[in-house]
Amino acid sequence: MQDFPNAEKRKLRGERAARERDVEAANLAAQRTGVQREIALAWLELYFAQQMRTPLVELVGELQLQLDTVSAAIAAGRQTTGDALALRGAAVVAQDRVIEQDRSIERARYALAAWLREEASRPLAGPPDTARFYHPPTALLANLHEHPDQRVYAEREALDARGFRPTDP
C-alpha cells in the first residue's frame, strides 16, 4: 500500500489546484464587477428620480398660482367654471405625481441602501459625464478577453483543456 502519492500525482494535483484557484479568482472578479454595476444602477436610479421631482414641484407651484387667480378670472369673464374645475383637477393630479415621485425616490434610496447601508443617506454627488465615451470601440474589441465573464470562461476552458473537471460546476 502506498502512503504518499508519487511526484507526478502531486504535480498534477498542484496544477489542478492552481487552475481551480484561477477559476475562482475569475469568478470573484466577475462578481465584484456585477456588484459595482448594480450599485451604479441603483445610484443612477436615485439620481434621476430626484431630478424628475424638481419640475413636478415647479408645475404644482405654477398650477397653484393659477388657482389663486382663477376666481378673479371667472369674475372678469376670462375663464369659465369648467376651466376652473379642469385647473383644480390638473393641480390635484400634479400633486399626486409629486407624491408618487417621492415614493420612487424612497424606493431608489432603499435599493441603494441595500448595497451601501448608511452611506446611501448622504447627498448624491453630480452625475458622471455620460456624453463622452472614454474607450474607443477598437480598444473595447481588442480587450474583450479581459471582460470578467470572459475571463471566467477562459479559465474554465484552460482547466478543462488539461483534463481537469471543476469540482463545482
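Select Glu 15 to start: at 24% relative accessibility, Glu 15 counts as partly exposed, because that class lies between under 20% for buried and over 50% for exposed. Keep in mind throughout that the model is predicted.

The side chains of Glu 15 and Lys 11 form a salt bridge, with N and O 3.9 Å apart. Both belong to helix H1, and because they are four residues apart there, about one helical turn separates them. Side chains of opposite charge can pair when their charged atoms come close.

How many salt bridges does the structure hold? There are five. One of them joins Asp 22 to Arg 21, where the closest N and O atoms are 3.4 Å apart. Show these two together. Asp 22 has a relative accessible area of 24%, so it is partly exposed, whereas Arg 21, at 54%, counts as exposed.

Stay on helix H1, which covers residues 7–76, and select Val 35. This residue lies in the helix and is partly exposed, with a relative accessible area of 33%.

Next, look inside. Select Leu 56, Val 60, Leu 63, Leu 67, Val 70, Ala 84, Leu 87, Ala 91, Ala 94 and Val 98; these ten residues make up the largest nonpolar core. Which helices each supply at least two residues of this core? They are H1 and H2. Center the view on Ala 91. Setting aside neighbours within four places in sequence, Ala 91 is in contact with Leu 63 and Leu 67. Another core, of nine residues, lies apart from the largest one; Ile 105, Ala 108, Leu 112 and Ala 120 are among its members.

Move on to Glu 119 and Arg 122. Their side chains meet in a salt bridge, with 2.6 Å from N to O. Glu 119 is partly exposed, its relative accessible area being 39%.

The last stop is Pro 123. Where does Pro 123 lie? It sits in the loop between helix H2 (81–116) and helix H3 (137–142). Is Pro 123 buried or exposed? At 78% relative accessibility, Pro 123 counts as exposed, because the cut-off for that class is over 50%. Pro 123 and Gln 50 are 73 residues apart in sequence, and their C-alpha atoms are 11 Å apart in space.

Terms used
Residues numbered from 1 in each chain as written. Predicted model: local features only at pLDDT ≥ 70, side-chain atom pairs only at ≥ 80, totals over all residues. Heavy atoms only, no water. Buried < 20%, exposed > 50% of the residue type's maximum accessible area, 1.4 Å probe, protein only. Core = buried A, V, L, I, M, F, W, Y, C linked by side-chain atoms within 4.5 Å. Contact = heavy atoms within 4.5 Å. Salt bridge = Lys/Arg side-chain N within 4 Å of Asp/Glu carboxyl O.
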